[in-house]
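Please look at the sequence and the structure shown below. The text after them goes through a few parts of the chain in turn.

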Amino acid sequence: VSLMGRAAVLPDSEMAAFSDFVMPLNYPPNPAEYLDRSQPDAPPDVPSSQRGQNFFINTPVDGPLRCNDCHTENNFAPGTNRVMVPAAALLESQDMKVPHLRNEYRKTGFRDSAGVSNKRGFGFTHDGANDNLFTFLHFSRFNFGSGPAADDKRRDMEAFLNSFDTGTAPAVGYQITFDGPNDTNPTAVARMDTLEGQAALNYCDLIAKGRIGGQARGWEYAGGGMWTPDKAAESQITSATLRALGGLGAEVTVSGVPKGSGHRMGIDRDRDGYLDGDELAVQSDPGNPAATPLNVGVGDDHSTFHFGLRAVRPNPFHDAADVQFTLGRRSRVSLTVYDVLGREVRSMARGLWLEAGPQSLRWDGRGDSGVNVSAGVYFVKLETEAGHWTRPLVRIR
């Protein structure tokens, strides 16, 4: 209450809703880590993230405690053991949870020397009192030894903290494209092998996208150097065979994607059980679970449109947002905006008849009472005879 200037404590229901929203969020990969999730090394006279990692894991620095005893270096829960530390141990005025270290590399750039104009960075510790990690590592409770060697260890530690794993593997988001000339390139093949190794360690999923005979195709990595295609009648292919499909106008791009998303992103976009290639082959919509090879072309007006929510633009929005969708035929539509607690904020349409084809309804940021809603996260839900779709949208001030 005192920190945010509120008149009253947030109710438990809103705190629970915020927790449900924020806990699944993930940090992006740390760009300083190597693709195989290892740390960079350097000569003795240059700060080394790898040496810093070894010190972090193995060397007592606070009595018998090592850094790793509290700021656990674990790829699936990095940077904190979630324990509350007594105020006296921190030389602070209140107890504090052991902070995570996943975003240290994004705080750099701040300096507190006289006359400096800062354009980035936040400083370190809870109040940003230390302008860089090297300064913070001089905290009186930390024992790095004495003399020049102590500062060398601090520089190594600083390098490691700036490349600390975020919980999302560097393989997530990494892409390699095979276009013919590089299909057997040793460097490209080695990087693909590294990606496959990361998938085997459950750090990511792998997908591939390309074209065969002009048709868009997808593959999902099944493990063991084998790839599952997006057509049920086709057999799995090897990594070498997949690379060999790459050519001019038929490039194949291999991508690391978040664990658990490979099947959807690779071969079954709408997760309706019908693979994307099979749907495209019969002109069904692989992005619409209501459109399948079993009902393609079914409809009283034989429309080529499919039911679905296409986009909310702009998002985030300030004054108004357009909800864009398509209808496979003339249908009743209901469109409702909800807050994060699931409460109805605005009914934009309730059983409204609209014609087949692209449609758009605008939300002006007002609730059913006509009053502007506050900034925050909302959800828009489209309901038609073919199904329902939900998208988040954010209002900013």
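The model is a predicted one. Begin with a sheet. In general, strands of a sheet pair through backbone hydrogen bonds, either parallel or antiparallel. Here 3 strands form an open sheet in the order 11-12-15, and the pairing is antiparallel. Strand 11 (308-313) and strand 15 (357-363) are at the edges with a single partner strand each, so one side of each has no neighbour in the sheet. On average, neighbouring strands of this sheet are turned by 20° against each other, direction ignored. The antiparallel pairing of strand 11 with strand 12 (residues 321-327) runs over 5 bridges.

Next come strand 13 and strand 14, which run antiparallel and are joined by 7 bridges. Val337 stands opposite Arg346 in strand 14.

The largest nonpolar core has 23 residues, and Phe325, Leu335, Trp363 and Leu393 have the most contacts inside it. Which elements give two or more residues to this core? They are strand 11, strand 12, strand 13 (331-339), strand 14 (344-354), strand 15, strand 16 (376-384) and strand 17 (387-395). Leu335 shows what such a position touches: not counting residues up to four places away in sequence, its contacts include Val323, Met348, Leu361, Val380 and Leu382. Among its other contacts are Arg346 and Lys381. Another core lies apart from the largest one. That other core has 19 residues, among them Leu35, Phe178, Tyr221 and Val254.

Now turn to the aromatic rings. A pair of aromatic rings is described by the distance of the centres and the angle of the planes. The model has 9 aromatic pairs. One of them is formed by Phe56 and Phe164, which are edge-to-face, with 5.8 Å centre to centre and 65° between the planes. This pair links distant parts of the chain, 108 residues apart. Phe56 is in helix 2 (residues 49-58), while Phe164 is in the loop between helix 6 (148-161) and strand 5 (175-178). Both Phe56 and Phe164 are buried. Ring pairs join Phe56, Phe160 and Phe164 into a cluster.

The charged end of Arg37 sits over the ring of Tyr203, 4.4 Å from its centre. Arg155 lies over the face of Phe134, at 3.5 Å from the ring centre.

Finally, take two single residues. Leu245 is in the loop between helix 8 (239-244) and strand 10 (252-257). Is Leu245 buried or partly exposed? Its relative accessibility is 31%, so Leu245 counts as partly exposed. Not counting residues up to four places away in sequence, Leu245 touches Ile212, Trp219, Ile237, Ala250 and Val252. The C-alpha atoms of Leu245 and Asp183 are separated by 8.4 Å, although these residues are 62 residues apart along the chain.

Asp276 is in helix 10 (residues 276-281). Asp276 counts as buried because its relative accessibility is 7%. Leaving aside neighbours within four places in sequence, the contacts of Asp276 include Lys209, Asp230, Arg269 and Pro286. From C-alpha to C-alpha, Asp276 and Ala232 are 9.6 Å apart in space, and they are 44 residues apart in sequence.

Definitions and conventions. Residues numbered from 1 in each chain as written. Predicted model: local features only at pLDDT ≥ 70, side-chain atom pairs only at ≥ 80, totals over all residues. Heavy atoms only, no water. Pairing = 2+ DSSP bridges. Helix = DSSP H or I, 4+ residues; strand = E, 2+ residues; numbered from the N terminus. Axes fitted to C-alpha atoms, helices over the stretch in contact; angles between N-to-C directions. Core = buried A, V, L, I, M, F, W, Y, C linked by side-chain atoms within 4.5 Å. Buried < 20%, exposed > 50% of the residue type's maximum accessible area, 1.4 Å probe, protein only. Contact = heavy atoms within 4.5 Å. Phe/Tyr/Trp six-rings, centres within 6.5 Å; stacked < 30°, edge-to-face > 60°. Lys NZ or Arg CZ within 6 Å of the ring centre and 35° of its normal.
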